[in-house]
Amino acid sequence: MFRGKNYVESQKLIDRAKLYDMNEAFGLTLQTAKAKFDETIEVHVKLGVDSRHADQQVRGTVVLPNGTGKTLRVMVITKGDNIKVAEEAGADFAGAEEMITKIQSENFFDYDVIVASPDMMGALGRLGKVLGPKGLMPNPKAGTVTNDIAKAVAEIKSGKVEYRLDKTNIIHCPLGKKSFGEEKLLENFETLLRAIIKSKPAAAKGQYIRSCVISSTMGPGIKVSTARLMQ
């Protein structure tokens, strides 16, 4: 695979066999984020679970104390007075059946998250095959199916992220932007990791966190020790 000059130079600074202390890892990540834009800093956590089993799923949400650096566009699908509540809370789009029709007939996807009240899930369910593959289907575990519309919208706008296993038992999440600096990124990292640790399934056996890697959008991965957080 072809790698650019900056990536190759950055890789020379990293010992791929070393497990770095959290502070050192974030310092290196910022040092190797050399793109001309404000790169996103990401974390990739491999867990000692098997996502094929329902009792070993790991999924949840957490509000990062410093946000992600990206303001998400929120669509709310609800009824009655909740539509106004959603708009006042900062939803970018809000409505009832007409929003479902808009998605269906106009192939409308100009948003990042859908929040729905429980009374709309019956109608919204028929779009499962469209919304599911895009990761847009509301889910109670993600806090996106709720009667407290205002709280859901406010949390998403302030930096709530969802973490969930992929098919290879890895969780991928953004932690913020390079411009945040080491202290804020580290605070977001610790908040997210503690949430993942707290979500450990009872059925999980052996070592729970197998590996943890952080990287910038264009930079190489750096292995991080999470031992301090596991105590």
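**Entry 1: Asp 92 and its partner**

I started with Asp 92, which is partly exposed at a relative accessible area of 36%. I kept in mind that this model is predicted. Next I looked up what Asp 92 pairs with, and found a salt bridge to Lys 157, with N and O 2.7 Å apart. Lys 157 sits in helix α7 (residues 149–158), while Asp 92 is in the loop between α3 (81–89) and β4 (93–95), so this pair ties together parts 65 residues apart in sequence. Lys 157 is partly exposed too, at 25% relative accessibility.

I picked out the one between Lys 70 and Asp 112, whose closest N and O atoms are 3.9 Å apart. Lys 70 is in the loop between β2 (59–63) and β3 (74–77), and Asp 112 is in the loop between α4 (97–106) and β5 (113–116), so parts 42 residues apart in sequence are tied together. I then saw that Lys 70 and Asp 112 belong to a salt-bridge network with Arg 73 and Asp 110.

I also noted Asp 50 and Arg 52, with their closest N and O atoms 2.8 Å apart in a salt bridge. Asp 50 is buried at 17% relative accessibility, whereas Arg 52 is exposed at 73%.

**Entry 2: Cysteines**

I looked for disulfides and counted zero. I found Cys 173 buried at 3% relative accessibility, and Cys 212 buried at 2%.

Conventions: Residues numbered from 1 in each chain as written. Predicted model: local features only at pLDDT ≥ 70, side-chain atom pairs only at ≥ 80, totals over all residues. Heavy atoms only, no water. Disulfide = S-S within 2.5 Å. Buried < 20%, exposed > 50% of the residue type's maximum accessible area, 1.4 Å probe, protein only. Salt bridge = Lys/Arg side-chain N within 4 Å of Asp/Glu carboxyl O. Helix = DSSP H or I, 4+ residues; strand = E, 2+ residues; numbered from the N terminus.
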